[in-house]
Amino acid sequence: MLNEDKPHFYGRRQGRRLRKAKSTLMDSFLPSLKLNPENPLDFLPKGKKLYLEIGFGDGDHLAEHSKRNKDIYYIGAEVFKNGVANLLSLMTGIKKNEEISGEIALLPERSNNVKIWDNDIRLLFPLLPNACFDRIFLLFPDPWPKKRHANRRFINPENLKTLARLIKPGGILRVATDHNTYKFWTLRQMHQCPDFVWTATCGKDWKNPPADWVETKYQRKAIREGRRPVFLDFRRK
Ligand SMILES: C[S@@+](CC[C@H](N)C(=O)[O-])C[C@H]1O[C@@H](n2cnc3c(N)ncnc32)[C@H](O)[C@@H]1O
């Protein structure tokens with residue numbers, strides 16, 4: 001039956017069939033890292049920072065950022081099954097062609113500070129309390145460049161209202177894009193949104209990656225194809 005309340009998702013949920021190792025990671029290891037929708041913040045120790053990455057793709061940024069910052073807790077959201085499997089591979093060190101024998105565990109250099117929401121992030125939003133995130137990353141979101149698809153873009157007044165509810169005052173929404181239309185769209189939407197202020201004071205603040213940046217698959221693709229990414233930080237008022 002059609003669920004009228006469920007937002008429509010336009011992207012891909014699955015690509016190529018997963019190799020055996022990744023399929024095992026999805027079946028046997030993902031359940032231990034999945035967010036508990038009954039009590040989504042039950043893994044967060046009191047007083048610790050919480051970051052959210054929306055649409056983590058292959059997981060390069062989330063895996064590395066969470067490895068570098070063991071004292072920060074993360075929720076990663078991604079609907080694309082192959083991306084989730086890749087993140088699990090990065091976090092366990094298990095490669096796609098590897099034979100898995102014995103118990104699967106996080107790499108010893110990692111701490112257990114990541115929870116995964118393997119679904120549309122918009123379904124998680126209503127389950128989260130106000131002002132729970134210190135930071136939200138939206139890195140290289142699908143640009144939906146055609147005008148008639150503009151309503152599919154993640155940056156829109158409804159989602160911004162929700163993000164403003166979820167980010168603590170002083171917290172950061174970081175958007176990266178390599179797409180000119182999406183850059184201007186984001187700046188216009190953010191300018192019209194009373195809850196955020198753009199932190200940039202000069203060109204290098206948004207033309208160069210921030211200090212804690214980790215390169216992503218889509219960033220590499222953009223650079224290969226001659227597009228220059230921008231990095232836009234907005235502070236919650
Ligand atoms: C263009 S890719 C960028 C991936 C990654 N951030 C990177 O920079 O390589 C956008 C990703 O966002 C995911 N995505 C789009 N809308 C989403 C949503 N509502 N909830 C969760 N993931 C979403 C897509 O499945 C896709 O993997």
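What share of contacts in the chain between residues at least 6 apart in sequence join residues at least 24 apart? The share is 78%, where a contact means two C-beta atoms, placed from the backbone, within 7 Å. The structure is a predicted model: local features need pLDDT of at least 70, side-chain atom pairs count only at pLDDT 80 or more, and totals for chains, interfaces and linings use all residues. Residues are numbered from 1 along each chain as its sequence is written.

The secondary structure of the chain comes to eight helices and seven strands. These are DSSP runs, numbered from the N terminus: helices are H or I with at least four residues, strands are E with at least two. Along the principal axes, the C-alpha atoms fill a box of roughly 55 × 45 × 45 Å. The radius of gyration of the chain is 18 Å, which agrees with the value near 18 Å for a compact globule of 237 residues. That radius is taken over C-alpha atoms, and the globule rule is 2.2 Å times the number of residues to the power 0.38. Of the 237 residues, 31% count as buried. A buried residue has 20 or more other C-beta atoms within 10 Å of its own; an exposed residue has 12 or fewer; a partly exposed residue falls in between.

The domain assignment gives domain 1 (12–34 + 44–126) and domain 2 (129–237). Such bounds come from an automatic or database domain assignment. The C-alpha centres of the two domains lie 22 Å apart. Their contact takes 14 residues from domain 1 and 15 residues from domain 2. On the side of domain 1 that touches domain 2, β1 (49–54) and α2 are the elements that give two or more residues. The largest share of that side, six residues, comes from β1.

The ligand lies between the domains, because domain 1 and domain 2 both give residues to the shell around it. There are 23 residues around the ligand. A residue belongs here if its C-beta atom, placed from the backbone, lies within 6 Å of the molecule. Gly55, Gly57, Phe140, Thr216 and Tyr218 come nearest to the ligand. The elements that give two or more residues to the shell are α4 (121–124) and α8 (217–224). Helix α8 gives the most, with three residues. The shell has eleven nonpolar, six polar and six charged residues.

Helix α3 (residues 81–92) has twelve residues. Its first and last C-alpha atoms are 17 Å apart, close to the 16 Å expected at 1.5 Å a residue. The expected span is 1.5 Å times one less than the number of residues. Gly83, Val84, Ala85, Asn86, Leu87, Leu88, Ser89 and Met91 of α3 are buried. The buried residues of α3 pack against α1 (20–33), α2 (60–68), β2 (72–77) and β3 (114–117). Glycine 93 follows α3 and has a positive phi, near 80°.

Most residues other than glycine have a negative phi. Alanine 131 has a phi near 45°. Alanine 131 sits in the loop between α4 and β4 (133–139). With 14 other C-beta atoms within 10 Å, alanine 131 is partly exposed. Tryptophan 144 has a positive phi of about 40°. Tryptophan 144 is placed in the loop between β4 and α5 (157–166). It has 19 C-beta neighbours inside 10 Å and so counts as partly exposed.

Two further loop positions were examined. Asparagine 156 lies in the loop between β4 and α5. Asparagine 156 is partly exposed, because 13 C-beta neighbours lie inside 10 Å. Its C-alpha atom is separated by 36 Å from that of arginine 19, 137 residues apart along the chain. Glycine 47 lies in the loop between α1 and β1. Glycine 47 counts as exposed, because it has 5 C-beta neighbours inside 10 Å. The C-alpha atoms of glycine 47 and aspartate 120 are separated by 27 Å, and the two residues are 73 residues apart along the chain.

Methods: Nonpolar A, V, L, I, M, F, W, Y, C, P; charged D, E, K, R; others polar.
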